[in-house]
Every structure is written in structure tokens, then in C-alpha cells.
Amino acid sequence: MSTHASLFPSLARLHRATMIWLTSWWRLLQFAALILARGAAPSTYRRDNHRALASHLVLGTAPNLLWFCVLSALISLVIIRIVVVTATSYGLSGYALEMVVRVLVLELIPLTAALFVALRSTLPAGVEFAQRRLAAAAAAPAGSAGPAADPGEVLRREFYPRASAGIFAVWLLAAMSCILTLVLAYLIIYGFTPYALPGYTRVVGQIFNPAVALILVLKIFFFSLAVGIIPLASSYYDAAANPFAARLRSTHGLADMVRMFSVVLLIEAASLMGNYY
């Protein structure tokens with residue numbers, strides 16, 4: 001009898017945790033659909049929205065561009081040098097450029113750009129929105145819902161510009177860092193000479209065949225969506241309607257970080273399978 005009595009609370013907790021998990025992912029999909037629909041709506045790009053959207057795009061990208069390019073250049077220099085020296089010591093110097101491009105340009109730089117933008121921009125923005133909603137709910141009188149803001153207007157003015165800034169930042173940082181890494185790889189391997197350029201472009205062109213180029217573009221695209229949308233999704237919905245609102249203040253940023261990292265790792269695993277299997 002005691003075994004059955006202890007089993008029912010465990011099943012109830014498991015059911016509640018499962019429903020919370022499914023609800024969070026369902027709301028994430030809903031929010032992603034709303035953001036994509038808002039991005040396709042012509043009213044989003046009216047004159048009165050240009051200033052806010054442009055401001056978020058600049059503020060979400062410009063402060064991170066220089067630091068990320070410097071950081072990626074330093075890391076690329078170290079990794080390229082290690083790969084070149086190791087390949088030369090084993091008599092495989094002809095494969096050094098291919099290894100550098102595949103390891104850095106195809107794999108590490110897009111992943112690093114996505115995580116950098118998430119930690120610098122979108123995750124703090126999601127935590128800020130959640131804390132703002134919780135503070136407004138706590139300040140409202142008991143039993144009073146207060147003046148409800150239009151969800152569409154909130155999405156257009158607050159969430160969509162920040163999500164767009166995160167998506168744009170991932171694309172720009174990844175593109176600039178990939179170009180910078182390709183230039184550094186040429187200079188380190190061949191030096192300051194233009195005569196190795198035909199061989200260099202031939203090797204890089206053989207790596208970036210149509211299938212690999214498509215996988216790289218799709219990977220950056222889905223990375224940008226994950227980084228721009230997931231940290232903001234749970235803070236869009238009303239905290240009072242959240243089944244775990246009491247825990248939201250302490251776990252919001254951590255839960256969004258874990259969810260975003262899980263999606264990013266799945267995208268990276270899918271790209272690896274597409275490139276090498």
C-alpha cells in the first residue's frame with residue numbers, strides 16, 4: 001500500500017514536469033512562427049519602425065564586431081600555425097590548407113559566432129524582458145490585471161527588433177570571421193606572394209562544393225534563428241500564465257541557455273553528418 005502511495009506523487013511530478021517541458025517547446029515554436037510572420041509583414045518596415053529596427057541592428061552588431069574579429073583572428077592564427085607545423089612534421093603539408101578551412105571556416109567559426117552573440121546580446125535581453133514582466137506583475141494590485149498591452153504591438157516594437165539584431169549579428173560576425181580566416185590562412189601558409197593564389201583558390205573551391213556551401217549557409221541560418229529567437233521566447237508570454245512562474249526568476253536564463261545550446265548542438269551534429277557521411 002505504501003508503495004502505491006509513494007508511486008502516485010512521483011508519477012504526478014513526472015507528468016507535471018513533462019507538461020511543462022512540452023509547453024515550453026510549444027511556446028517556443030509559436031514565438032518563432034510569430035517572429036517569422038512579423039518579418040514577412042510589410043507593416044514591420046514602415047517609416048515609423050525604421051529607426052527602432054536600425055538602432056537595434058547597429059547596437060546588437062557594432063559593439064561585438066571588432067572584439068569578435070580580433071578574438072577569431074587570434075584563435076585562427078594559433079590553430080592555423082598548429083595545423084601547419086603538425087602537417088609539415090608528418091609530411092602532409094599539402095593537406096594543411098584543407099584541414100584549416102574545414103576545421104575553422106566550416107565548423108568552429110559559425111559555432112563561435114552564434115555562441116558569442118547569444119552570450120553578449122540575446123540571452124541578456126531575454127533575462128531583461130523576463131525580469132521586467134515579473135516586476136510589473138509584482139507591482140500590480142492583487143486581483144487586478146492592469147492595463148494589458150497589445151501583444152502584436154509588443155512583438156513589433158520590443159521583441160522583433162532584438163530578434164532581428166541577433167540574427168543579423170550572427171550572419172555578419174560569421175561572414176567577416178570566415179573571410180578573415182581565409183586571408184590569414186593564405187598569408188601564413190604561402191606568405192605575401194600573389195603567385196600561390198591560383199592554387200589556393202583551387203583548393204578552397206574544391207572544398208566549397210555546392211553541397212558543402214549549402215550546408216554551411218543552412219547551418220548559419222539555423223544558428224541565427226536559434227540564437228535570435230530562443231532566448232526571447234519564454235519572456236514573451238505572460239508570467240502569470242506560466243505554470244512555473246514561481247521558479248522563473250531564478251531559472252529563466254539558465255533554462256533558455258540550456259535549450260538554446262541543445263538546439264545549437266543538434267544543428268552542428270546535423271551539419272557534421274551532412275559534410276562527412
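Colleague: Let's start with the fold. In what order do the elements of the protein chain run from the N terminus on?

Modeller: They run α-α-α-α-α-α-α. Bear in mind that this is a predicted model. The count is seven helices and zero strands.

Colleague: Where does UniProt place the feature "transmembrane region"?

Modeller: The UniProt record, an unreviewed entry, puts it at residues 20–41, 65–87, 99–119, 165–192 and 212–237. Residues 65–87 are 100% helix and 0% strand, with end C-alpha atoms 32 Å apart. Residues 99–119 are likewise 100% helix and 0% strand, and their end C-alpha atoms lie 28 Å apart.

Colleague: How should I read the surface and the interior?

Modeller: Take the overall numbers to begin with. The chain exposes about 15700 Å², and carbon and sulfur atoms supply 72% of that area. Of the 277 residues, 38% are buried.

Colleague: Which residues have the most contacts inside the largest nonpolar core?

Modeller: Phe31 and Phe159 do, in a core of 62 residues. Each of the helices α1 (2–40), α2 (47–89), α3 (96–139), α4 (151–190), α5 (197–207), α6 (210–236) and α7 (245–276) supplies at least two residues of this core. Helix α3 gives the most, with 16 residues. Setting aside neighbours within four places in sequence, Phe159 is in contact with Phe31, Ile35, Phe129, Val154, Leu232, Ser235 and Tyr236.

Colleague: How do I read contacts along the sequence?

Modeller: Look at how far apart the partners are. Among contacts between residues at least 6 apart in sequence, 87% join residues at least 24 apart. Not counting residues up to four places away, Leu173 touches Thr61, Asn64, Leu65, Phe68, Ala113, Phe116 and Val117. Leu173 and Phe116 are 57 residues apart along the chain, yet their C-alpha atoms are separated by 9.2 Å.

Colleague: Is leucine 173 buried or exposed?

Modeller: Buried, because its relative accessibility is 0% and the cut-off for buried is under 20%.

Colleague: And the cysteines: how many disulfides does a search of the whole structure find?

Modeller: The general idea is that a disulfide is a covalent bond between the sulfur atoms of two cysteines. Here the search finds zero.

Colleague: Why do Cys69 and Cys178 count as buried?

Modeller: The same cut-off of under 20% relative accessible area applies. Cys69 counts as buried because its value is 14%, and Cys178 because its value is 9%.

Technical notes:
Residues numbered from 1 in each chain as written. Predicted model: local features only at pLDDT ≥ 70, side-chain atom pairs only at ≥ 80, totals over all residues. Heavy atoms only, no water. UniProt positions renumbered as here; feature names shortened; annotations may be inferred. Helix = DSSP H or I, 4+ residues; strand = E, 2+ residues; numbered from the N terminus. Buried < 20%, exposed > 50% of the residue type's maximum accessible area, 1.4 Å probe, protein only. Contact = heavy atoms within 4.5 Å. Areas by Shrake-Rupley, 256 points an atom, 1.4 Å probe, with all protein chains shown as cover. Core = buried A, V, L, I, M, F, W, Y, C linked by side-chain atoms within 4.5 Å. Disulfide = S-S within 2.5 Å.
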